[in-house]
Amino acid sequence: MTTSLSPDLARLADPAVRPDPYGVLRTLREASPYTDPASGIVVVGRRSDCEAVLRNPKVSSDRQGSGITTVPQMPNLMNLDAPDHTRLRRLAGKAFKPRLVQQWRPRIEEIVRELLTDIAAGENTADLVSAFAYPLPVRVICDMLGVPREDHPVFEKWARSIAYTVDPQLVPGRLSTEVVQEVEEARAGFVGYFGRLIAERRHTPRADVLSELISAEEQGDQLTESELIITCILLLVAGHETTANLILNGILGLLRHPGQLRLLRERPELAEAAVEEVLRYDAPAQMITRIAREPFTIGDTPVTPGTPLLVLLAAANRDPDVHRDPDTFDISRGDPGHLGFAAGPHFCLGSVLARLEGSIALNAFAQAFVEPRLDAESLRYRPHVAVRGPDRMRVSFKEIR
Ligand code: HEM
């Protein structure tokens, strides 16, 4: 796609901007919609425009060959369009019904307690990236899929490698051949592993998501073997780093706004609202991309077929036309919905699970950590632009209750 980006857009990819991209996002939102002169990317940042693009049947999620992603993608929910997408989504959705997901609450609470016990056993300080936020979603989804505990570490490693594929390549050539190779190895590992696990579950079904996916059926149609494998990989990848960042961005928001932390401690019933505010204020998925399939216009900006669109969810979430005091972190705001899980046909399939994990984790943090303090020096961000979040975040505390 991009041989170069105009300076405003290039700033998004600047590592120095990663800790606080909101000034740049604001500039882009206010200038949007517009076509970036250097790259030809159409930048969309206003809430109404983002929503219109995400719901527009003239845009495609198939970015293959567009240059936006340099790692070859397997056809999955995220990059297919109707009608293939509709079919796959219906079948996969059967394993992710809210009622089925809610049944995992006790297990998620148990995993959170295990992680807190390990943290409490150490010094009165912990890196909440490696000790809390990253292990939680992997353990949860591995348990849901029925992956045995001893295999979780290798899953975490593979999932981290594949995370590169969900980041749009704003900077050409940023992915080295080593990274591409790592991604291919991780994929091969997943394919072999899930192939074996699926064979086991076909033989002996269990009460897990994998067995649900295998048995999901609609008018005689079922997921094929390769669709099953690809969907399992997608669930791990799509729900790993995003959920970890939801928890980390949430903890960071609470630590930086002690009044909000106090509020959550006193009113644990605000945990769900706190999750919504994190998804709005510091969105784990900052932006997504689309390709125009047919001509259309956004505002005065004409979009021609083949044009890449950059949909800035994190900018839309702070659009003052929709959210009052958009730059204020307020867990009790109760505003209309954000675009943290996107909108339209590709709206996050795992939103119920992410909300559940996020609210349990944020509540546990608020209740368990006595006098938590952020070691600001320790805070480092991962290089990813789209799925943005801390890579290291040390917090010290008096005790864990
Ligand atoms: C799609 C965000 C957690 C599974 C998406 C999309 C976003 C998103 C923005 C739309 C992508 C696009 O339209 O191009 C998030 C955030 C999460 C989260 C912020 C955590 C806070 C999860 C979890 C799972 C999951 C826990 C599953 C275990 C998926 C899947 C899709 C998706 C399968 C593709 C849906 C489709 O294309 O039909 N997510 N997600 N996500 N998410 Fe999530």
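Q: Ala342 is found in the loop between helix H15 (313–316) and H16. Which DSSP runs count as helices and strands?

A: Helices are DSSP runs of H or I with at least four residues, strands are runs of E with at least two, and both are numbered from the N terminus. Residues are numbered from 1 along each chain as its sequence is written. The model is predicted: local features need pLDDT of at least 70, side-chain atom pairs count only at pLDDT 80 or more, and totals for chains, interfaces and linings use all residues.

Q: What is the mean pLDDT of the chain?

A: The predictor's confidence in each residue, pLDDT, runs from 0 to 100. Here the chain mean is 91, and 94% of the residues reach 70 or more. The scores of the model are ipTM 0.99 and pTM 0.95.

Q: Which residues other than glycine have a positive phi, and are they buried or exposed?

A: Burial is a count of other C-beta atoms, placed from the backbone, within 10 Å: 20 or more is buried, 12 or fewer is exposed, and anything between is partly exposed. Ala342, which is not a glycine, has a positive phi of about 65°. Ala342 counts as partly exposed because it has 17 C-beta neighbours inside 10 Å. Glu371 also has a positive phi, near 50°, and sits in the loop between strand E11 (369–370) and strand E12 (373–374). With 9 other C-beta atoms within 10 Å, Glu371 is exposed.

Q: Which residues of E10 lie on each face?

A: In a regular strand, side chains alternate between the two faces of the sheet. In strand E10 (residues 308–311), Pro308 and Leu310 are on one side, Leu309 and Val311 are on the other, and all are buried.

Q: Which residues have the most contacts inside the largest nonpolar core?

A: Such a core is a set of buried Ala, Val, Leu, Ile, Met, Phe, Trp, Tyr and Cys residues joined through C-beta atoms within 7 Å. The largest has 117 residues, and Val44, Val311, Leu312 and Leu313 have the most contacts inside it. H12 supplies its largest share, 17 residues.

Q: How many residues surround the ligand?

A: A residue is near a molecule if its C-beta atom, placed from the backbone, lies within 6 Å of it. The ligand is surrounded by 24 residues, the closest being Gly239, Thr242, His346, Cys348 and Gly350. Helix H12 (225–256) and helix H16 (351–368) are the elements that give two or more residues to this shell; the largest share, seven residues, comes from H12.
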